[in-house]
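The notes below go topic by topic.

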Amino acid sequence: MIYDLTPYRGRTIQLYFNSHEDGYSGLTFMYLDDVSITSGVGSPALQFVAVTPCRLVDTRQTGGPIQGGTSRDFPIPQESGCNIPTTAAAYSLNVSVVPSGPLGYLTMWPAGQNRPVVATLNSLDGRIKANAAIAPAGDQGAVSIYVTNDTDLIIDINGYFAAQGTGGLSLYPAMPCRAIDTRKIGNGQPFSGTLTPPVDVIDSACAPPTTAQAYVFNASVVPTGALGYLTLWPDGEQKPLVSTLNALDGSITNNMAIVPSTNGKVDAYASGITQLILDISSYFAP
């Protein structure tokens, strides 16, 4: 779903976490000068705090698959060693499923509230699939997950939203711009393993400001065969145990990714041979 908010340019727009009944969820905004995110009507706007991408949940390792037609709660601040504070009001997550067969849909919502009629992702063909999601925190900082069919679940986090004054970042929309397309670099050869050199976002044609501390990308892969996973992370840090997207069937695949950066660059790792395209649509800065 796309909302053209051009008539509101120059004004502060708040985006609320609300439900809709279409079964396929998504929100894209464009041409705004000032955007804030809030946890509900009448609540103060929240600021974003970027973290090194970190794996919160992997039911293949702990807990086992979620059975179809049931839900399970995941207290995000208590999961793994990602050090997410209890003051977080919402989370920026990458949710992946490893279903045992067709998965009608997965729904994520704040724990302690009624399950809404929405979908976070779908995998009707039973593929391993990922989708980025911003989820409000519920009781004890937890999120609830419901699945229509048996599946393992993986949740990675790249940041969270907290009250203003906690050292967080604001979102600055930008004209959508292609930061890298490996098909047009050198002789256009695909890569596997770690991309060298890293993606130099700040010196690309998009030229985001040096104050940017995290980028919002649409990450796309054009693999030559099965691609287990693609991982994006801040340049200068060790590759984290997270994934940005999966394309085991070798299809062109994309996903939104919020990637922190301290030097204007991001690293990319591909488990198979692929081309990589990163389009930037906004960034976070003080």
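- The cut-off explains the label: buried means under 20%, and exposed means over 50%.
- The model is predicted.
- Cys 206 has a relative accessible area of 18%, so Cys 206 is buried.
- A disulfide joins Cys 177 to Cys 206, with an S to S distance of 2.1 Å.
- This pair links distant parts of the chain, 29 residues apart. Cys 177 sits in strand S13 (residues 170-181). Cys 206 sits in the loop between strand S15 (199-200) and strand S16 (214-223).
- Which hand does the disulfide of Cys 177 and Cys 206 have? The torsion about its S-S bond is about -95°, so the disulfide is left-handed.

**The other disulfide**

- The structure holds two disulfides. A disulfide is a covalent bond between the sulfur atoms of two cysteines.
- Cys 54 and Cys 82 also form a disulfide, and their sulfur atoms are 2.0 Å apart.
- Distant parts of the chain are linked here too, 28 residues apart. Cys 54 belongs to strand S5 (residues 45-58). Cys 82 belongs to the loop between strand S6 (70-75) and strand S7 (90-99).
- The torsion about the S-S bond of Cys 54 and Cys 82 is about -85°, so this disulfide is left-handed.
- Are Cys 54 and Cys 82 buried or exposed? Both Cys 54 and Cys 82 are buried.
- Number the bonded cysteines of the protein chain in sequence order, and the pairing reads 1-2, 3-4.

**A cis peptide bond**

- Where does the cis bond fall? The peptide bond from Thr 196 to Pro 197 is cis, with omega near -5°.
- Pro 197 lies in the loop between strand S14 (191-194) and S15.

- Asn 83 is not a glycine, yet its phi is positive, at about 60°.
- The loop between S6 and S7 holds Asn 83. Cys 82 is in that loop as well.
- Asn 83 has a relative accessible area of 70%, so Asn 83 is exposed.
- Gln 140 is not a glycine either, and its phi is positive, at about 55°.
- Gln 140 is found in the loop between strand S10 (129-136) and strand S11 (142-147).
- Its relative accessibility is 68%, so Gln 140 counts as exposed.

Conventions:
Residues are numbered from 1 along each chain as its sequence is written. This is a predicted model: local features need pLDDT of at least 70, side-chain atom pairs count only at pLDDT 80 or more; totals for chains, interfaces and linings use all residues. Side-chain values use heavy atoms; hydrogens and water are left out. A disulfide is a pair of cysteine sulfur atoms within 2.5 Å. Helices (H or I, at least four residues) and strands (E, at least two) are DSSP runs, numbered from the N terminus. Buried means under 20% relative accessible area, exposed over 50%, partly exposed in between (1.4 Å probe, protein chains only).
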